[in-house]
Amino acid sequence: MISFLDLKKLNAAYASELEEACARVIDSGWYIGGQELSSFEREFADYCGASNCVGVANGLDALTLTLRAWKEMGRLREGDEVIVPANTYIASVLAITENRLVPVLVEPDPATFNLSAAGVRAALTEKTKAVIAVHLYGQLADMPGIMDLAHERDLLVLEDAAQSHGASIDGQKAGAWGHAAGFSFYPGKNLGALGDAGALVTNDAELAKVVRGLGNYGSYKKYENQYQGVNSRLDEIQAAMLKVKLAHLDSEIAARRQVADAYRAGINNASIQLPAVADEQAHVWHLFVVRCERRDELQKFLTEQGVQTLIHYPIPPHKQQAYAAYGSLSLPTTETIHREVLSLPISPVMSDDEIAAVVRAVNAFS
Ligand SMILES: *Cc1c(COP(=O)(O)O)cnc(C)c1O
């Protein structure tokens, strides 16, 4: 079986570096809020081309605490509307509702599956105060257009960059476009820890400070609490793992691009639609998502051929029981996407034989 993502093989390539980093933390006797975290934050902010990074416990917290911080700062108020793509992973929507803000689910661009500036514009009301631009599959949403609109209408823009570490438009990376960006370092993401981790990246030093306080019980000084905060911290072990992995991120992205190039050159099957690429160099290929009207048959066929695939995602947020109140919304593009998408194996550790076998299997589907 060709696995969708062989995490064991991926991390095994760095085993000695990871073990060394782990031993360094064990020996330090300091496990939360130390040098590993502050140096990772510095390195990741630099990598993104932004001035601040605040490590938190996971990607969902990065999004949730950023919106919460904007409320504490008086930039958002309960009941404000936040535009979000309807076809996103549930976390983007949970961050909004957790803060008692109102998600406005907007259909994506049917070619890229990402939010367009036109889509945002059409959904604006006088209650719209923010936009969550999700960079799905490793490709940025239309950030130049969305930021122009945001400046025109005084909207806050939060990038959900959980799938797009290192993706860029005109050389400007995810995390450097919006007023803030939430990243996830879940093990399967392009930059993955060996456990849960996440971060906020922003050029707004005040926002970074508020998020850091919120994630530390609302406190800056031990036993003095400025906010009703939470506990959401990126620990030293995970920060040390992430420093090792960050040094290899660009070469992993290059390897992912080779897999994507081979698929795009080799897959030639009239019943399968390849992903649309807005800019070759900008895509970091977290996922390689094809479309097929007979998606379930295709998945079954590929499984029989020894190719593991996944569906990102089988049920859109508005069709989830958790959001039953949105269940009657009509979002045909989103619903078609969820019915037709299939993610092929992609990772930096696929062999040429595996890549060729996937291409052969996909082309053999009829
Ligand atoms: C993975 C992911 C998240 C959440 O990240 P966690 O670290 O699992 O909390 C949020 N948004 C998107 C688009 C994701 O893919």
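## Largest pocket

The residues lining the largest pocket comprise 16 nonpolar, 11 polar and four charged ones. This pocket belongs to a predicted model, and its volume is about 610 Å³. Its lining has 31 residues, and those nearest the centre are Tyr-89, Ser-184, Tyr-186, Lys-189 and Tyr-313. Helices α4 (59–72) and α5 and strand β8 (180–184) are the elements that contribute two or more residues to this lining. Helix α5 gives the largest share, four residues.

Tyr-313, one of the residues nearest the centre of the largest pocket, is in the loop between α11 (295–304) and α12 (332–340). The peptide bond that joins His-312 to Tyr-313 is cis, with omega about 10°.

Helix α5 spans residues 90–98 and lies on the path of the chain from β2 to β3. The β-α-β crossover formed in this way is right-handed. Strand β2 (residues 81–85) pairs with β3 in the parallel sense, over five bridges. Within β3, Val-106 is the bridge partner of Pro-85. Strand β3 covers residues 102–106, and four of its five residues are buried, which leaves the strand mostly covered.

Which residues of α5 are buried? They are Ala-91, Ser-92, Val-93, Ala-95 and Ile-96. In an α-helix, residues three or four places apart point the same way, because there are 3.6 residues a turn. The buried residues of α5 pack against α4, β2 and β3, and also against β4 (128–134) and β5 (156–160).

## Residues with positive phi

After α5 comes Arg-100, with a positive phi near 55°. Arg-100 is not a glycine, and its place is the loop between α5 and β3. Is this residue buried or exposed? Arg-100 has a relative accessible area of 58%, and it therefore counts as exposed, the cut-off being over 50%.

Tyr-217 is another non-glycine residue with positive phi, about 60°. Tyr-217 sits in the loop between α8 and β10. Its relative accessible area is 43%, so Tyr-217 is classed as partly exposed.

## Second largest pocket

The second largest pocket has a volume of about 270 Å³. Its lining consists of 18 residues, with Gly-33, Leu-37, Arg-212, Asn-216 and Arg-233 nearest the centre. Two or more lining residues come from each of α3 (35–48), β1 (52–56), α8 (205–214) and β10 (219–221). By class, the lining has seven nonpolar, eight polar and three charged residues.

Two of the contributing elements, α8 and β10, are also those on either side of the loop that holds Tyr-217.

## Largest cavity

How many cavities of 30 Å³ or more does the model contain? The count is one. The space in the largest cavity amounts to about 40 Å³. Rolling a probe the size of a water molecule over the atoms shows where empty space is left.

The lining of the largest cavity includes Leu-5, Leu-7 and Leu-10, together with Pro-187, Gly-188, Lys-189, Asn-190 and Gly-192. Lys-245, Glu-252 and Arg-256 complete the lining. Helices α1 (7–12) and α10 (249–266) each provide at least two of the lining residues. Divided by class, the lining has four nonpolar, three polar and four charged residues.

## Glu-224

Glu-224 belongs to strand β11 (residues 224–225). With a relative accessible area of 46%, Glu-224 is partly exposed. Leaving aside residues up to four places away in sequence, Glu-224 touches Gly-218 and Ser-219. Glu-224 and Glu-43 are 181 residues apart along the chain, and their C-alpha atoms are separated by 30 Å.

Technical notes:
Residues are numbered from 1 along each chain as its sequence is written. This is a predicted model: local features need pLDDT of at least 70, side-chain atom pairs count only at pLDDT 80 or more; totals for chains, interfaces and linings use all residues. Side-chain values use heavy atoms; hydrogens and water are left out. Buried means under 20% relative accessible area, exposed over 50%, partly exposed in between (1.4 Å probe, protein chains only). Two strands pair if DSSP finds at least two bridges between them. A crossover is right-handed if, with the strands pointing away from the viewer, the path from the first strand over the helix to the second runs clockwise. On a 1 Å grid over the protein atoms alone, a cavity is a set of points where a 1.4 Å probe fits but cannot get out, and a pocket is an open set with protein on both sides within 12 Å along at least five of seven lines; lining residues have an atom within 4 Å of a point. Grid points are joined across faces, edges and corners, and a volume is the space filled by probe spheres set on the points. Ala, Val, Leu, Ile, Met, Phe, Trp, Tyr, Cys and Pro count as nonpolar, Asp, Glu, Lys and Arg as charged, and the others, Gly among them, as polar. Contact means heavy atoms within 4.5 Å.
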